[in-house]
Amino acid sequence: MTGADSLLQVPLQEVGLGKPGLVETEAAHALRPAQCQRPADARFRFAGVNSLVALFLGFELLSIPLYVLCATHMRREHSLESGLKYLIIGSVGSATLLYGLAMLYGASGGTSFDALAAAAPKMGNDVLFLTGIALAVAGLAFKASIAPFH
């Protein structure tokens, strides 16, 4: 990826601001270009992730600006409602993912993927390790809105 799609997000979003019915004086419109760029920047952080902590922080840096973008039209009732619902569901997914990653850390003794890979063959029947994997996969499914979490 070269980031060209990230550079096109801001001009393409400005096309929708001239539609009738939108309040163009809202302060939220000034924040949109920066909020569109942050999730795009967070995508590139995943390329160098090699630990559980960096994985979790990358997901959070990716999702927090999206919660705000859902609720940018402050005068629309549905916009605020969708932003709040997305925040609640996202926080459940974050909590599930974090709890699963904490269990994986407790079972393997390290946060790097190398430590997990080294500990995995020995932990085939460890309840803490298997529960951690299940919760981490469920948290990732929440974050990606995979069925039945959509």
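I began with Val53, which I found in helix α3, spanning residues 52-70; helices here are DSSP runs of H or I with at least four residues, strands are runs of E with at least two, and both are numbered from the N terminus. Val53 counts as partly exposed because its relative accessibility is 46%, where buried means under 20% relative accessible area, exposed means over 50%, and partly exposed lies in between, with a 1.4 Å probe and protein chains only. I then looked up Val53 against Leu101: the two are 48 residues apart in sequence, and their C-alpha atoms are 8.3 Å apart in space.

A note on the model. The model is predicted, so I kept in mind that local features need pLDDT of at least 70 and side-chain atom pairs count only at pLDDT 80 or more, while totals for chains, interfaces and linings use all residues. Residues are numbered from 1 along each chain as its sequence is written, and side-chain values use heavy atoms, with hydrogens and water left out.

Overall fold. I listed 6 helices and 0 strands for the protein chain, and from the N terminus on the elements run α-α-α-α-α-α. Of the 150 residues in the protein chain, 33% are buried. Taking contact as heavy atoms within 4.5 Å, I noted that among contacts with a separation of 6 or more, 61% join residues 24 or more positions apart. The protein chain exposes about 9,200 Å², of which carbon and sulfur atoms supply 68%; accessible areas come from the Shrake-Rupley method with a 1.4 Å probe, and for residues only the protein chains shown count as cover.

Helices α3 and α4. I looked for aromatic pairs and found 1 in the structure. Tyr67 and Tyr86 form this pair, which is edge-to-face, with 4.8 Å centre to centre and 80 degrees between the planes. Tyr67 lies in helix α3 and Tyr86 in helix α4, so the pair ties together parts that are 19 residues apart in sequence. For the cut-offs, rings of Phe, Tyr and Trp (its six-membered ring) pair if their centres lie within 6.5 Å, and planes under 30 degrees apart count as stacked, over 60 as edge-to-face and the rest as tilted. I checked the burial of both partners: Tyr67 is buried at 10% relative accessibility, whereas Tyr86 is partly exposed at 30%.

Salt bridges. I counted 2 salt bridges in the structure, a salt bridge being a side-chain nitrogen of Lys or Arg within 4 Å of a carboxyl oxygen of Asp or Glu. Glu60 pairs with Lys143, the closest N and O atoms being 3.2 Å apart. Because Glu60 lies in helix α3 and Lys143 in helix α6, the pair ties together parts that are 83 residues apart in sequence. Glu60 is buried, with a relative accessible area of 15%, and Lys143 counts as buried at 19% relative accessibility. I also recorded the salt bridge between the side chains of Lys85 and Glu81, at 2.9 Å from N to O. Lys85 and Glu81 are 4 residues apart in helix α4 and are therefore separated by about one helical turn. Lys85 is partly exposed, with a relative accessible area of 49%, and Glu81 is partly exposed as well, at 35%.

Along helix α4. I placed Thr96 in helix α4, where Thr96 is buried with a relative accessible area of 17%. Not counting residues up to four places away in sequence, Thr96 touches Leu135, Ala138, Gly139 and Phe142. Ser108 also lies in helix α4 and is buried, with a relative accessible area of 18%. A polar atom of the side chain of Ser108 lies 3.1 Å from the backbone oxygen of Gly110. Leaving aside neighbours within four places in sequence, I found Ser108 in contact with Ala115, Leu116, Ala119 and Met123.

I placed Thr131 in helix α6, residues 127-144, and Thr131 counts as partly exposed at 30% relative accessibility. The C-alpha atoms of Thr131 and Ala107, 24 residues apart along the chain, are separated by 9.9 Å. Lastly I looked up Ser145, in the segment after α6, which has a positive phi of about 55 degrees although it is not a glycine. Ser145 counts as partly exposed, at 41% relative accessibility.

Terms used. A polar contact is a pair of N or O atoms within 3.5 Å; within protein, one must be able to donate a hydrogen and the other to accept it, and residues adjacent in sequence count only if both atoms are side-chain atoms.
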